[in-house]
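Dear colleague,

Please find below the structure that I am handing over to you. My notes on what was found in it follow directly after.

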Amino acid sequence: MRWPDWLRKRTVKTVRTRPFDEDALPEPAAPTLEQTVEEGMLLAEYATRMAVKNHIVVDTLQYGNDFDPARHTGEAAHMLRELASEQGEAAGRIEEDLEAAQGLRGDAMHPHDYRDIDVANLRLRRDAAVALASALRAKADSEEELLALVERGRVDAWDEVGRAIEAGLDAFSGVEALRSDYEREKPARLKLLIWRDLARLQEERTGY
């Protein structure tokens, strides 16, 4: 008697997989000097935008000045030169590490115990710091670049203040909106919101 196929015991094939071999992964390409400097510039520009944004918020809302890009280019230039100075100091420290590491073999005793094997990476970091410092100073000396940073800071400032005002207005909606004097008091409430939220923003966003 022939059993139907569906009654036959099916053989389960075992699929064998190889264990994960980390050594088989391709070596990641080492970053180039240009890539390293580009990443550094992106971070520096972001930090400068945040500093300019805070400067605009305080100058416009706290001191009541009309927005004028020329009032904020100095802040942008100051921030860029400060970051350039930091990179120059970093290059000096890396140069000292490089000189100490050359020809030094053996295993490192701690993360900053550089050896001969670290020389290439140290050179890249030193050269990147020097190039970044130079690029930041050039940007600080460019009126066009400074105005572009101020414009981006202005957009950031208005977005942040706008969100704070909207959140405050939402909090005052509901029962407050039903009061008969709501429309009459609305301008004063809006001014109060701006000043209250400005104080909070200053406290939370001080620095960059």
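**Findings in the predicted model**

Lys53 is a residue of helix α1, which covers residues 33–62. Please bear in mind throughout that the model is predicted. Lys53 counts as buried because its relative accessibility is 4%, and the cut-off for buried is under 20%. Its side chain makes a polar contact, at 2.9 Å, with the side chain of Glu160.

The next topic is the nonpolar interior. In soluble globular proteins, nonpolar side chains tend to be buried together. Here, the largest nonpolar core contains 24 residues, and Leu80, Leu83 and Leu136 are those with the most contacts inside it. At least two residues of this core come from each of α1, α2 (73–101), α3 (119–140) and α4 (143–172). Helix α1 gives the largest share, with 8 residues. There is also a second, separate core of 6 residues, among them Ile94, Ala101, Val119 and Leu122.

Leu80 is located in helix α2 and is buried, since its relative accessible area is 0%. Setting aside residues up to four places away in sequence, Leu80 touches Thr48, Leu136, Lys139, Ala140, Leu146 and Leu149. Leu80 and Glu45 are 35 residues apart along the chain, and their C-alpha atoms are separated by 8.0 Å.

For Leu136, neighbours within four places in sequence are likewise left aside; the residues in contact with Leu136 are then Met41, Ala44, Leu80, Leu83, Ala84 and Gln87.

With kind regards

Conventions: Residues numbered from 1 in each chain as written. Predicted model: local features only at pLDDT ≥ 70, side-chain atom pairs only at ≥ 80, totals over all residues. Heavy atoms only, no water. Helix = DSSP H or I, 4+ residues; strand = E, 2+ residues; numbered from the N terminus. Buried < 20%, exposed > 50% of the residue type's maximum accessible area, 1.4 Å probe, protein only. Polar contact = N/O pair within 3.5 Å; in protein donor to acceptor, adjacent residues only side chain to side chain. Core = buried A, V, L, I, M, F, W, Y, C linked by side-chain atoms within 4.5 Å. Contact = heavy atoms within 4.5 Å.
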